[in-house]
Structure formats: structure tokens, C-alpha cells
Amino acid sequence: MTAEESKKISHKAEPLRAVKGMNDILPPESARWEWLEEKMRSVLQRYGYQNVRTPIVEPTALFVRGIGEVTDIVEKEMYAFEDRMNGDQLALRPEMTAGVVRAMTEHSFLRDGGKRLYYFGAMFRHERPQKGRYRQFHQMGVEALGFAGPDVDAEVILMGSRLLRELGLVDGEHFSLELNCLGEAAERSAHRAALIAHLEQHKDLLDEEGQRRMYSNPLRVLDTKNPALQDMANAAPKLLDFLGEASLAHFNGVRAVLDAAGVAYRINPRLVRGLDYYNLTVFEWVTDKLGSQGTVCGGGRYDGLIEQLGGKAAPAVGFGMGLERMLLLLEEVGVVADLPTLHAYAIVPSSHGLPQVMVALEALRGAGVSVQFHPGQSSMKSQFKKADASGASYALIFGEDELAQGLVAVKPLRREGGEQVMRSISCAADWAAELLNA
């Protein structure tokens, strides 16, 4: 080896890898994602929800004001940085509700009445990656903005339950619904004082984070997974006992609709959600099929957030669902996605007549047929292997003898006993339906 050749090898670039916790989604796995998203869109559109898309990068202040300065997301997990071009303080969105509210306010989108919106998108949180929990993760969410009554809370919950059922999950076996009511600000303030007094009596049991949160965010102290704190948390004052007449009426209105619709639920007085902006109704769908990753979808009402972010006061309710976690749950319980397959695979053993072949394939595609061929020539045996591996229902054989007669041989690949037939190349659109009805 020459010195020059050795130098070239030593300077060979190292392959780059994705950022830890931010994953590539490749075929055929990506087809499961498309299936999931299409199933969800079908349900969302039946309820009259429309798609909204907001930027991945937002002002850091949006999440500090919207999510809460003393939440784990803002304190520990948010990807926040200074734009080196102009000094702006920016962040990768850790959730999307605040961004949707910002967009509604910026564009005065609620001026002509309430809106029902849904989104799909990537979110970012810097936490320890684990199965179903990544630094870049994906969510589907809905936001119903400008509607105040318990009826829209109930509609959102009914829609979430339908989503889960239409994905193939069974209520009571694969998931269950939990509800709570957080009341309004004055009620939460009275409960907060009683809760702090309770926590102070058990201060020695709390870890360092619990003692810090005892005054800044005491509700979150109750949302503990520490077995040693369960008795203390269970004995804590319950927010439901501090609710006034209006809050109870709202909560009972939600429950009345769910009861009439036959939707099962459990009232969980310790359900608080992880963000500061919620009030009144909060809810989660939980599962015991994913270990500690128990929540598969959750949300609630957040009537104060729009005004908090600088808009005209308006009520709102919504939920978010993690797509990675949902796919894990579907896999765990054995739900199989109905993935698309090719209708046909074209076998072209010779370059002779290739323009004629390509025109025929385009005619088939124009008629709705999915068809693929192997670029470049290879043996018939090799191409038949590729046709079989593709999952296509038919092989289209453009042999030289067939081409000379203006014909193509159509051979079934999946139907036992199916006979090969000859079809006209120039009239491909006329027999396309045969391939579609495989």
C-alpha cells in the first residue's frame, strides 16, 4: 500500500449517527405509523375536527408561561437555546397545546366562534431514553377551543374512547378511563393550603424534590410512584371535597353524558396531570400492559391558558396521545396493522421494449394499481424472487415473446391454483380492475 493510499484510509470520515433518543423510523415500521395515523384521522374527521400545524421551534417564554416554571418539563427536560443569529431565546416544543393557543391568539382565529382542531407532530424532551419514552417523540392531540360546557368535555372523552376501540383495543381489558375535577382557582387555593399543611406534617417522609415541591407545586407531590409515600398521599385532603356548586355541576354534567353513553370510568382524586394549566375536568386512559408506562392518552380542560398567553379569555379542552407508546400497546396486545401491499410486480427480463413497458405501468398506476419493477436487468429467477418477497398479488411478465405480440402475462402469486392469463399492453387500464380485486 502506498503512503498516499494509507493517508486516504486514515482520513476516511466516521459515519454519523442519530442523536441519542431521536430515532429513525424506516419501512416497514413506518407503514405501521401511517396505518395508525390514518385510523386516527378517520375518527377525528367524523367529529368535525380540522388539522392544525405549528412550528417545532417556539419562543422559550411560551412554555415557561404556559406549562409552568416549576414543572419538570421546563426545569429539566426542555431543549432551550439562544439563537446565535439574533439572541432570541428559543425552544424545541416539549408539547403542542401552548403552540396551538399561541397560533389561535396570533391569528385571532377564535373571533368567529369556537374551533375543533387536531394535530400530529414531533415533540422534544431531554430525559433518559427508554422503551416508549424518547427525546424526540410523536403525539396526536385534539384541542376544542371556545366551548365552555361539560358537553364538549364529554365529547372529547367519547372521541378518545372511540379512537382506542377503533384501533382494536378493548375497554376494561386493554385500557381504562380515569377522571378527576381540579375545580377553579379559588377552590384549588383552599385545597392547596390544606394540602401543604398535610405535607408539612409528613415532611420527614418526603425526598429532596418532594420537599421543594411542597410549596411550589404540592399537587405534584401526590403524583408519586414511591410505595413508601402511598399511605401519606392517600390520606391527603381531596380536591373534590373543596369544590363549589358550579364545579361539581360541571363535573356531574360530564359524568351524566358518559354514563348515558355506557362509557366506564373511575374517579381518581389524585389525578392531576403533569402541566400547570389544567382546571375542572382532567382525564387519562391507562393500561397495565406496558409496565410503568401506564398512561396512553390524557388531557383535560384549560380555560385560563389562552388569556395567560396574551389572548382574549376563552375556554378550551383537549388531550394528547403518544404514538410510540400506542404502537407498543397495540403490539403488546396483538393488534396487527392492516398494511398496504403491492398489487403487482413487473418482471422485465430484457431492455427490449422497455419504453412500452413503462407506459403500460403508468396506465395501471393511473387506474389505481400499485405496481413496482426492478430497475436494470437480472435473471427471471432473480426477479421472481423479488416479486414474491414484495408481497405483490400478481407478477406481470413482460417477456420478449409477449412484447412482440403486444401482450403481458399476468400470473397470480398468492392464489393457489390461479391460472396465468395474457392481457393487452396497450389496453392496460381496461384490465386494471382485475389486479385491484385480488
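Which side chain of opposite charge is nearest to Glu 324, and how far away is it? The nearest such side chain is that of Arg 325, 8.0 Å away. The report below sets this residue in its surroundings.

## Basis of the model

This is a predicted model, in which local features need pLDDT of at least 70 and side-chain atom pairs count only at pLDDT 80 or more, while totals for chains, interfaces and linings use all residues. Residues are numbered from 1 along each chain as its sequence is written, and side-chain values use heavy atoms, with hydrogens and water left out.

Glu 324 belongs to helix 13 (residues 323-333); helices (H or I, at least four residues) and strands (E, at least two) are DSSP runs, numbered from the N terminus. Glu 324 is buried yet has no salt bridge. Buried means under 20% relative accessible area, exposed over 50%, and partly exposed in between (1.4 Å probe, protein chains only). A salt bridge is a side-chain nitrogen of Lys or Arg within 4 Å of a carboxyl oxygen of Asp or Glu. In assigning charge, Lys and Arg count as positive and Asp and Glu as negative, whereas His and the chain ends are not counted.

The side chain of Glu 324 does make a polar contact with the side chain of His 138, at 2.8 Å. A polar contact is a pair of N or O atoms within 3.5 Å; within protein, one must be able to donate a hydrogen and the other to accept it, and residues adjacent in sequence count only if both atoms are side-chain atoms. Leaving aside residues up to four places away in sequence, Glu 324 touches Trp 33, Tyr 134, Gln 136, Phe 137 and His 138, where contact means heavy atoms within 4.5 Å.

Glu 208, in helix 8 (residues 208-216), is exposed, with a relative accessible area of 72%.

## Helix 5

Helix 5 (residues 97-106) is largely enclosed by the rest of the structure, because eight of its ten residues are buried. Among the buried residues are Thr 97, Val 100, Arg 102 and Met 104. Their cover includes strand 2 (57-59), helix 3 (60-67), strand 5 (115-124), strand 6 (136-145) and helix 12 (305-308). Just after helix 5, Ser 108 adopts a positive phi of about 50°.

Two strands pair if DSSP finds at least two bridges between them.

Strand 2 is joined to strand 4 (residues 89-92) by three bridges, and Glu 58 has Ala 91 of strand 4 as its bridge partner. Axes are lines fitted to C-alpha atoms, for helices over the stretch in contact, and angles run from 0 to 180 degrees between N-to-C directions.

Another open sheet has five strands in the order 13-12-14-15-16, with mixed pairing. Strand 13 (371-373) and strand 16 (421-424) stand at its edges with a single partner strand each, so one side of each is left without a neighbour in the sheet. Here the twist averages 30° from one strand to the next.

Strand 14 (residues 394-397) and strand 15 (residues 407-412) run antiparallel and are joined by four bridges; Tyr 394 has Pro 412 of strand 15 as its bridge partner. Helix 15 (residues 380-390) packs on the sheet, touching strand 12, strand 14 and strand 15. Helix 14 (residues 354-366) lies across strand 12 (344-347), strand 13 and strand 14, at about 155° to strand 13.
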